[in-house]
Amino acid sequence: MKLYNTLTRTRDEFVTHEPGKCRMYTCGPTVYHFAHIGNLRTYIMEDVLEKYLRYTGLDVTRCMNITDVGHLTSDADTGEDKMLKGARREHKTVMEIAQFYTDAFFADCGKLNIKIPEIVVPATSYIEKFIQMVTVLVEKGYAYISGGNVYFDTAKLDNYYVFGNQEAEDLAVGVREGVEEDEAKRNKTDFVLWFTKSKFEDQELKWDSPWGVGYPGWHIECSAISLWNLGEYLDLHCGGIDNAFPHHTNEIAQSEAYLGHPWCTHWFHVLHLNTASGKMSKSSGEFLTVSLLEEKGYDPLVYRFFCLGSHYRKSLVFSWEGMDSAKTAYNKLVARIAALNPDDASPLDEETFAALKSRFTEAMDNDLNTALALTALYDVLKAKTSDRTKLALLADFDTVLSLNLLEASAKVREQNKAAAAAKSASQAGNGELTVVCLTPDAGEELKAEVEGLIRERAAAKKAKDFAAADAIRDKLAAMGVTLKDGKGTVEWSV
Ligand code: AMP
Ligand code: ZN
C-alpha cells in the first residue's frame, strides 16, 4: 500500500518494522468539550486506515491517549489548561468533565462506526511514566530546568523541524501564535516537559515530581503512552494536520532523544474540515457536533459517507447542502442494495469477485483513496453478475468502510415488504387506510405525527369537511411532506 508520509513528504510503500504486525498510535481527544465533526473527520479517516490495514492481513495494535491534563490554550506553553477552562465553564471538577466528555466522545464514535482502539490511556493515569521519561531526558542533557519548569532543549538536535518545509522562523511558536514568549526558554522552540511554575497556580490537578509539585506538558503524554504500550519502534502515528507542528515535532524530538534511535517511520495526517466561514474550533463557542446532525435529521453514517467521499489529504468544506447530497446518495445506494436478492444461493462468481475486489484494493492502496473505493461500490452494483456475488463484495468492502450497507438495506427491504403487504391488504378491500412512509430515516417521532395528520385528513374528507382536509394538507406541505394519494393508501416522503 502506498501511503503519504509527512516525514518523507512522499507516498511511501507502507512497511512495518516487524512483518505482519503494525503498531499504530493515534492522538486522542482533549476532553474539555464535545468533539466537533472536524475532529471526527480525523477519527473516521484513521478508523478506515486501521480497518484497511487489518483487511490487508496486518495484525494491528492501536493505542490512543485521552488528554485530560496539560493541553494549554496556546501552543507556546502559555495560557491555561483547556481542561481547567472547561471545568470552570461547567462548574465541575476537571475529572468530572474528563469523564463526561470521554464518554460523549466514545458515544459519538459508536454512532459513526469508529472502532475504539484496544488500548486507550488517559494522561492522568501515566504521570509516573512521564516523570520517568523526563528524568532520563534531564540526565541525558536534553532537558533543563528554568524558572521552575523543565524544558526540552531543541538546540541539542540537528534537525528539529522534521515536518517543516517552511522557514524555521515561520514555524517558531512565539511568532506563529503572536503570543507572549516564555522568558525562561533558552530557545524559542524549546517546550515544556513538566510545569511547576506558579503562573499556573490554580491548576486543579498536580503531582509531586523531582522538580516540584506540578503537571506534565502536553507532548510528553503521547510519547510516553506510545512507548510504554507499543514499544521502541512505532510503525504509524496519526492525527489531524494541526498536530504536525508543534505537537508531533516535539514528540519526535523527545522520543528519539530518550531512545537514542529513530522512533516512528510513518506519519499520517488528516487535513481539516472547515466551514465556509473558516476553521472549526472547540474553544470558539458554537460548533458542529454529531448530536446537531441528528437533531437536523441526518443519520451520523451519512456524515461518515460524506467524509469518505473526499480524500483525507484535501481540506474539506462542510455545508448542509453537502450533507443533503450525501444523504440522498447514501439512501439511493442503500435502496439499490435493497433491490438485490439476499436469498440468491447461486455459487459465487469467483472471477468477477476477484476483479471487482481488486478495484477496491487498488483505490485503497493508492494513498487511501476512499472516494475511488466508493466508486468501486457502484461498479459492483452495475456489474453483470449474480446478486450473491454482489452482496458478498459489498459485505467485504463494508468491513473497511463501515457504512452499515447490508444492515440498512435489509431494513429497507423489510419496510418495502411491509408496505407492499399493507397495500395489497387494502387493495383487497378491507376499507382501512394504509399510510406508507417512503423516507426510511424520517425518524419515529415525525413518522407518528405525519401518519396521525394523514388519518385526520382522511377522516375530514370522509366527513366532507374539505376545508379541514385542505388545511391539514397545507400543514403537511409546510413540514416538507409530499403526499401521494392512492386507492386506500397514502404514500408520503420528506
Ligand atoms: P483535540 O481534541 O483538539 O486534541 O483534537 C483531536 C483531533 O482532531 C486531533 O487529531 C486534531 O488534529 C484533530 N482536529 C482538530 N480540528 C480539526 C478539524 N477542523 N478537522 C479535522 N481534524 C481536526
Ligand atoms: Zn498526541
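**Close-up views of a predicted model**

**View 1. Arg9 lies in the loop between strand 1 (2–5) and strand 2 (10–13).** Helices (H or I, at least four residues) and strands (E, at least two) are DSSP runs numbered from the N terminus. Arg9 has a positive phi of about 55°, although this residue is not a glycine. Most residues other than glycine have a negative phi, and most peptide bonds are trans. The model is predicted, so that local features need pLDDT of at least 70 and side-chain atom pairs count only at pLDDT 80 or more, whereas totals for chains, interfaces and linings use all residues. Residues are numbered from 1 along each chain as its sequence is written, chains are lettered from A and ligands numbered from 1 in the order in which they are written, and side-chain values use heavy atoms, with hydrogens and water left out.

**View 2. A cis peptide bond joins Phe245 and Pro246.** The omega angle of this bond is about 0°, and Pro246 is found in helix 8, which spans residues 244–259.

**View 3. The zinc ion (ligand 2) has Cys27, Cys222 and His247 as its protein donors.** Because Cys27 lies in the loop between strand 3 (21–26) and helix 1 while Cys222 belongs to helix 7 (residues 218–230), the pair ties together parts that are 195 residues apart in sequence.

**View 4. Ligand 1 is surrounded by 17 residues.** The closest are Thr30, Gly38, Thr42, Asp242 and Lys282, where a residue is counted if one of its heavy atoms lies within 4 Å. Among the polar contacts (pairs of N or O atoms within 3.5 Å), a polar side-chain atom of Thr30 lies 2.8 Å from an oxygen atom of ligand 1, and an N or O atom in the side chain of Thr42 is 2.7 Å from a nitrogen atom of the ligand. For Asp242, a side-chain N or O atom is 2.4 Å from an oxygen atom of ligand 1. The elements giving two or more residues to the shell are helix 1 (37–55) and strand 10 (234–240), and helix 1 supplies the largest share, four residues.

How values were computed
A polar contact is a pair of N or O atoms within 3.5 Å; within protein, one must be able to donate a hydrogen and the other to accept it, and residues adjacent in sequence count only if both atoms are side-chain atoms. Donors are N, O and S atoms within 2.8 Å of the metal (3.2 Å for Na, K and Ca); water is not among the atoms, so sites may look incomplete.
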